[in-house]
Amino acid sequence: MQTAKRLDSISEYYFSQKLREIDELNRQGKNVINLGIGSPDQPPHADVIRVLQEESAKPNVHGYQSYKGSPILRKAISEWYKKWYVVELDPDTEILPLIGSKEGIMHICMTYFEEGLAVLVPNPGYPTYSSAVKLSGATPVYYDLLEENNYQPDFDKLEKIIQTSDYRIKGIFVNYPQMPTGQLPTKELFEKLVAFGRKNNMLVIHDNPYSFILPRWLSGDEPMSLLSVDNAKECVVELNSLSKSHNMAGWRVGMLCGAKKRVDEVLRFKSNMDSGMFLPLQLAAAKALSLGHDWYEQVNAVYRKRREKVFQLLDSLHCKYSKNQAGLFVWSKINERFKDSYDFSDHVLYNSFLFITPGGIFGSNGEKYIRVSLCATEEKIEEATQRIINN
């Protein structure tokens, strides 16, 4: 039995391979400290867990659910967007709950892209964008995000890519606060992205899971949604998630937001792929979305302290980094004596038994960088730093 041709250009996810390698080192007693993966290690709010427990104990909540999600969850998403992003969304027609936003990336690609089409994908960027585009049959066309340009697209170069491409380019993936670079968005950037999408009749897919993690808005600004730009719904769909903002990565609760037509089109594909989420989980997610400023400040207070420890760790590795980053990671330029990020990451792994993600997995523009996760205790980060100093 042979695999389908659609898998020919898809390799096993990097972390899937690397975790096996780390498991083998741990079996040898090396006790590897993992600062590579962004899986929040803090629990959700106690009231969210309580709602899940109480609702799960009811006898009438265990059946199939609506493909469009519970009206209670959709209303909670709508209110959350209005309160924090100042974006009006009709809960009945402009919101589609998802089993995690990663699912939404695949659904969008399978709904809109196919062989003969192309999609602009950021370099560096989340590897799933490229994989999902390839699985749809379309071709990823990479556009550069560079440190000297604050990791923002060069729109003149994007226009040239469109003019010279052998394919019809039908979409663009964007992601701010950007992963892996931590670059924050600006209103001007978002306005340019919407103008670009409208001019080129292109779907702009904004992946927005990090806007509540260490953002500037705690100092006065609000978290930002691309849908806040005038006329954005004409060309934008936005993915969001409770994984990072509410410490619910394993719960798999995300959302797609956009115009009714876009939601209906994606639902045509999604409804043939899965069913609605467990109702008690949806009700608990609605409770999470109702939490106030104190919740986000509590989460970020922990991450701010950890980030200071990561800065110290990076200093011990003689890496260069900006302190003006948002999100769950710190992006840093590697020590120049190493060939590339993989060489650097393996050196740290096998000499200090510390795993740090090589930036090269996010694209060629990440080959001289590393990404360090904040999802470990201060004590673990301090221990990792001491291992580096001792080696």
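Student: Let me start with one side chain: is E265 buried or exposed?

Tutor: First, some ground rules. The model is predicted, so local features need pLDDT of at least 70 and side-chain atom pairs count only at pLDDT 80 or more, while totals for chains, interfaces and linings use all residues. Residues are numbered from 1 along each chain as its sequence is written, and side-chain values use heavy atoms, with hydrogens and water left out. As for the cut-offs, buried means under 20% relative accessible area, exposed over 50%, and partly exposed in between (1.4 Å probe, protein chains only). E265 counts as buried because its relative accessibility is 17%. You'll find E265 in helix α8 (residues 260-270). Helices (H or I, at least four residues) and strands (E, at least two) are DSSP runs, numbered from the N terminus.

Student: Which side chain joins E265 in a polar contact?

Tutor: A polar contact is a pair of N or O atoms within 3.5 Å; within protein, one must be able to donate a hydrogen and the other to accept it, and residues adjacent in sequence count only if both atoms are side-chain atoms. Here the side chains of E265 and K261 make one of 3.0 Å. Plain contact is another term: heavy atoms within 4.5 Å. Leaving aside neighbours within four places in sequence, E265 is in contact with T111 and Y112.

Student: On to the sheets. In what order do the strands of the seven-stranded sheet run?

Tutor: Strands of a sheet pair through backbone hydrogen bonds, either parallel or antiparallel. The rule used here is that two strands pair if DSSP finds at least two bridges between them. That gives an open sheet in the order β2-β8-β7-β6-β5-β3-β4, with mixed pairing. At the edges are β2 and β4 (139-144), each pairing on one side only. On average, neighbouring strands of this sheet are turned by 25° against each other, direction ignored. For angles like that, axes are lines fitted to C-alpha atoms, for helices over the stretch in contact, and angles run from 0 to 180 degrees between N-to-C directions.

Student: What covers the faces of β2?

Tutor: I can tell you which side chains are buried there. In a regular strand the side chains alternate between the two faces of the sheet. In β2 (residues 95-98), both faces are covered: I95 and P97 on one side, L96 and L98 on the other, are all buried.

Student: Which helices lie across these strands?

Tutor: Two to look at are α4 and α6. Helix α4 (residues 101-112) lies across β2, β3, β5, β6, β7 and β8, at about 155° to β7. Helix α6 (residues 155-164) lies across β3, β4 and β5, at about 150° to β4.

Student: How many aromatic pairs are there?

Tutor: Rings of Phe, Tyr and Trp (its six-membered ring) pair if their centres lie within 6.5 Å; planes under 30 degrees apart count as stacked, over 60 as edge-to-face and the rest as tilted. By this rule there are 16 aromatic pairs. Take W80 and F212: their ring centres are 5.2 Å apart and their planes at 15°, so the pair is stacked. W80 is in helix α3 (residues 71-85) and F212 in the loop between β6 and β7, 132 residues apart.

Student: Where does N201 sit, and what is its phi?

Tutor: N201 is in the loop between α7 and β6 (203-207), with a positive phi of about 50° although it is not a glycine. N201 counts as exposed, because its relative accessibility is 62%.
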